Amino acid sequence: MKMKKTDIGVVAFMYIVCAYFYYHMLQLKASSQTYPRFTIILLFGLTTLYLVQMIVAAKKHGVESGVDVVFKDFQPKQFFVCLCATILYLICIHFFGFYISTVLFMAVVLLYLRISPLVTAIVIAVIVALIYFAFQKFLGVKLPVGTVIKALRK
Amino acid sequence: MLETLSLMGAGFLNALTPINLLMMAGGVAMGIIIGCMPGLSAAMGVALMLPMTFTMKPETGLIVLGAIYCGAIFGGSISAILIHTPGTPASAATAIEGYQMTLRGQAGKALFTACYASFWGGLLSCISLYFFSPLLAKLTLKFMSAEYFWLSIFGLTIIAGVSSKSIVKGLMSGALGLLISTIGLDPITGVKRFMPSSYFAEGINTTCALIGLFSMSQVFILAEKKIKERNKATKFTDKMSLTREERRIIRPTIFRSWIIGNLIGILPGAGASIACFLGYNTSRQFSKHKEQFGKGSIEGVAGSEAANNAVTGGSLIPTLTLGIPGESVTAVLMGGLVIQGLTPGPELFGKYAPMTYTFFAGFVLVQFFMLGIGLLGCRGFAQISRLSDAILIPCVTVLCFVGSYAIHKNIMDMVVMLVFGILGYLMRKFDLNTAAVVLALILGPIGEKGLRNALRTSRGSISVLFSSVVCWVLIALCIVGILSPLFMGKLEKKAEKEAEENSGADIDQLTEEDSV
């Protein structure tokens, strides 16, 4: 099997994680270092082993990009719109509370993904009702109201 | 013996309370819906529903999770039979014969066979759950700190190795999870470790990590692909039943598949997706009607479905007794157990025996609900299975957020869930193993306590980790665990190849769905 260039990113990520944890581990008392040290060494050793495997594979079979396999059929616009909408949804929950943010988020994503307005309205109503009855009524979870809404109420 | 029988009886009485029965029905229906939708998996469904069980009694919560698990494994067969797309990888072999039956106008018969075989497979698997679990749990009474350390390592080697394309990458995922599990206060000295804020004092919230790694990551997987319209579910008019002769024909098949599925389930690291192909192949080997295979054989459907549902009871044995879940779903189930404050092992069969036996009884009753709901609701579930990914994406996202918030009512939990969702997505893209990270988050603290207590009693000498026979047995099992993917991979490939040869179906096409 050829070495995938995309795996270089995986190895780099693992080394960065090891370095980050190692740096912070050194600031701990000696007695608290035992187990983190063990796990850092374990991850470092396995990552190095994988790096060796990659080099051997590159020498034996050559190198391939790997991007075409990893991101086969990838729809960048659709993916990033959904990702950004999700992040914005989280921020909105903090400011405008759960229900307003949920309705907005679902409407935006469903309409963007070409779901008809009628179906969009039905889906939103079903999900909001499900959450209200299952979480708020049945489980007694007080969902976030939002800082803006709280301020307006005052 | 008498004590066990009375516990079993009391378990049934407790399980038969109205709330438990209601939860069983709800859990099974939810599981079937999740299972029959090709974009969702059993592990994802159980992870998503985990927060709902927090406020319930432990036994009720576990019954719900068990019901979702069983329902999802069966639910996968509905879309496999009607739209030729297995809802879960565990139903890939069912699609071969099931869809052929649908083309022949026997969809009702195929669905009945799947439901009937799933029921018997699941029900019979409860026998081993009842009999082997207490015995295996007693074994762990001999475990000391060092043994618990090795046990946690063994659990990781098994799941990390088997569920990944590369053994080293799987182990790397496990090690990454162990490292993440060290975030928070030191369990022995109370020193702050790797904490960006006091929110992380109790470590990473396992439930948020579970929801993120299994459910939110799946949303991103769905969001990156072009939204395709699913095949139209075939409307069937034939009767959903089997003749007496047909039932007689599939009886030995179900029995064989039960044994296969159960053994595969007990074996940590092997799951329902392997069992369904082994069950299917074995049904052909012993069939007197081999010519029907590839053209719509009820024995093929029964063989596959009885085997994958027999895995459910079997896979709970190592999970509940040793704390070693063999696959993603049981890893999530174990998360549910730990979150309820319960530790797998002898305690479950001693101090918490009434709760455990109530769960077992509930698991038996769940099979009856699966049969009833499965048969009555097949037509409706078939339509749900066509639900577009475009609708699933925002719906599952909202449930992930509300689920993670419900635990501690803290918005930071939502942030953690989203971070793990993105991490899980990237891990799946680069063939790392999300199940290993989850398991490491659960087993990490157990392993850490084991290692540090062992070193403390031996005054820092690591020889204590090699001081008993049990330690050496566990070390040997760790080595077997690391090497097992070589064997399991071959076994799965062989079973798939045989199924392909027997039926002429394109197995790769059926198993291409990326589900955790």
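How many residues of chain A are in contact with how many residues of chain B?

Modeller: The model is a predicted one. In the model, 52 residues of chain A are in contact with 44 residues of chain B. On chain A, the side that touches chain B draws at least two residues from each of helix 1 (6-25), helix 2 (30-61), helix 4 (76-96), helix 5 (98-112) and helix 6 (117-138). Helix 2 of chain A gives the largest share of that side, 14 residues. Sorted by class, the side of chain A that touches chain B holds 35 nonpolar, 13 polar and four charged residues.

Helix 1 of chain A also contains Ile16(A). Ile16(A) counts as exposed because it has 10 C-beta neighbours inside 10 Å, and a residue is called exposed at 12 or fewer. Between Ile16(A) and Ile149(A) there are 133 residues in sequence and 41 Å in space, taken from C-alpha to C-alpha.

Within the partner, chain B, several helices pack against one another, and helix 12 of chain B (residues 298-321) may be considered with helix 5 of chain B (residues 92-103). The angle between helix 5 and helix 12 of chain B is about 160 degrees, and their axes lie 8 Å apart. Helix 5 of chain B is therefore roughly antiparallel to helix 12 of chain B, since an angle over 145 degrees is classed in that way. Their crossing is left-handed. Helix 5 of chain B contributes Ala93(B), Thr94(B), Ile96(B), Glu97(B) and Gly98(B) to the contact, while helix 12 of chain B contributes Gly300(B), Val301(B), Ser304(B) and Glu305(B). These residues comprise three nonpolar, four polar and two charged.

Helix 12 of chain B also packs with helix 10 of chain B (residues 244-266), at an angle of about 35 degrees and with the axes 6 Å apart. The crossing of helix 10 and helix 12 of chain B is right-handed. Their contact has 16 nonpolar, 12 polar and two charged residues.

A further pair in chain B is helix 9 (residues 206-224) and helix 18 (residues 434-457), which pack at about 175 degrees with axes 10 Å apart. Helix 9 and helix 18 of chain B are therefore roughly antiparallel to each other. From helix 9 of chain B, Thr206(B), Ala209(B), Leu210(B), Leu213(B), Phe214(B) and Ser217(B) meet Thr434(B), Val437(B), Val438(B), Leu441(B) and Ile442(B) of helix 18 of chain B. This contact consists of eight nonpolar and three polar residues, with no charged residues.

Terms used:
Residues are numbered from 1 along each chain as its sequence is written. Chains are lettered from A and ligands numbered from 1 in the order in which they are written. This is a predicted model: local features need pLDDT of at least 70, side-chain atom pairs count only at pLDDT 80 or more; totals for chains, interfaces and linings use all residues. Axes are lines fitted to C-alpha atoms, for helices over the stretch in contact, and angles run from 0 to 180 degrees between N-to-C directions. Helices (H or I, at least four residues) and strands (E, at least two) are DSSP runs, numbered from the N terminus. Angles under 35 degrees count as roughly parallel, over 145 as roughly antiparallel, 65 to 115 as roughly perpendicular and the rest as oblique. A crossing is left-handed if the near helix is turned anticlockwise from the far one by less than a right angle, and right-handed if clockwise. Two residues are in contact if their C-beta atoms, placed from the backbone, lie within 7 Å. Ala, Val, Leu, Ile, Met, Phe, Trp, Tyr, Cys and Pro count as nonpolar, Asp, Glu, Lys and Arg as charged, and the others, Gly among them, as polar. A residue is buried if 20 or more other C-beta atoms lie within 10 Å of its own, exposed if 12 or fewer, and partly exposed in between; C-beta atoms are placed from the backbone.
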